Amino acid sequence: MKNPIKSVIALLIRFYFGYYFLNAGIGKFQTGFNGDSVGGFLKGGLAQTAEAMAAAGKTGKANVTDTWGWLISHVFLPNADIMAVMVKTGEVMIGLGLILGCFTTLAAFFALTMNFSFLLSGTVSSNPQMVIGFLFVLYFAAASGAIGVDRFFMHKLVDKFPILNKGFLRHLFPVDAGHRGAIKNTISQVG
């Protein structure tokens with residue numbers, strides 16, 4: 001393990017937020033979370049747009065932008081049943097990925113996406129703290145999965161699919177720097 005301090009910090013963040021996501025996702029499966037639940041949440045977000053606030057005679061700054069309000073109205077609400085399945089399944093998969101350290105940075109990326117979606121919809125809750133935690137997990141990259149399942153297969157996956165070592169994907173499928181050098185040498189010898 002190249003960065004034990006980063007790995008331990010990431011492990012603590014992963015366990016803490018992984019448990020939160022897993023518990024939330026399982027709870028949604030158990031309580032019948034469906035399109036109506038998503039619709040209610042999204043309508044609450046729509047009520048926080050400037051247009052809705054003006055129509056209701058409320059003053060103050062809107063918490064939801066008009067662009068996000070348009071997405072809620074035209075994309076998310078019409079597909080509320082699909083969104084419900086995506087949210088509860090996503091929370092369970094993110095939670096498992098973080099706890100097990102399996103596709104760790106990919107799980108953190110999707111967790112960030114989900115947290116920002118909630119923030120953009122006008123819900124603060126624990127989302128800002130999670131965003132900060134997941135940014136650390138992404139920043140620590142390969143060290144984030146060093147104490148987990150990633151340690152045993154990520155380099156093999158990247159070796160088998162070299163495209164994962166290019167551009168933005170290299171951040172979602174990280175391997176330690178020493179292994180990246182080995183991949184470059186192998187690619188230059190083949191080419």
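Me: Which side chain meets Glu91 in a salt bridge?
Reply: In this predicted model, the side chain of Glu91 meets that of Lys28, at 3.1 Å from N to O. A salt bridge here is a side-chain nitrogen of Lys or Arg within 4 Å of a carboxyl oxygen of Asp or Glu.

Me: Where in the chain are the two?
Reply: Glu91 is in helix H5 (residues 80–100) and Lys28 in helix H1, 63 residues apart, and the pair links distant parts of the chain. Helices are DSSP runs of H or I with at least four residues, numbered from the N terminus.

Me: How many salt bridges does a search of the whole structure find?
Reply: One.

Me: Is Glu91 buried or exposed?
Reply: Glu91 counts as buried because its relative accessibility is 4%. Lys28 is buried as well, with a relative accessible area of 19%. Buried means under 20% relative accessible area, exposed over 50%, and partly exposed in between, with a 1.4 Å probe and protein chains only.

Me: What covers the buried residues of H5?
Reply: The cover includes H1, helix H2 (35–46), helix H4 (66–76), helix H6 (104–120) and helix H7 (127–140). Among the buried residues of H5 are Ala84, Val87, Gly90, Ile94 and Leu98. Contact means heavy atoms within 4.5 Å.

Me: What should H5 span?
Reply: Its 21 residues should span 30 Å at 1.5 Å a residue, and the end C-alpha atoms are 30 Å apart, which agrees. The expected span is 1.5 Å times one less than the number of residues.

Me: What follows H5?
Reply: Gly101, with a positive phi near 70°.

Me: How do the axes of H5 and H6 cross?
Reply: They come within 9 Å and cross at roughly 140°. Axes are lines fitted to C-alpha atoms, for helices over the stretch in contact, and angles run from 0 to 180 degrees between N-to-C directions. H5 and H6 are therefore oblique to each other: under 35 degrees counts as roughly parallel, over 145 as roughly antiparallel, 65 to 115 as roughly perpendicular, and the rest as oblique.

Me: Which residues in H5 meet H6?
Reply: Glu91 is one of them, and Val87 and Ile94 are others; on the H6 side they include Phe110 and Met114.

Me: New topic. Is Ile5 buried or exposed?
Reply: Ile5 is exposed, at 65% relative accessible area. Ile5 lies in helix H1 (residues 4–30).

Methods:
Residues numbered from 1 in each chain as written. Predicted model: local features only at pLDDT ≥ 70, side-chain atom pairs only at ≥ 80, totals over all residues. Heavy atoms only, no water.
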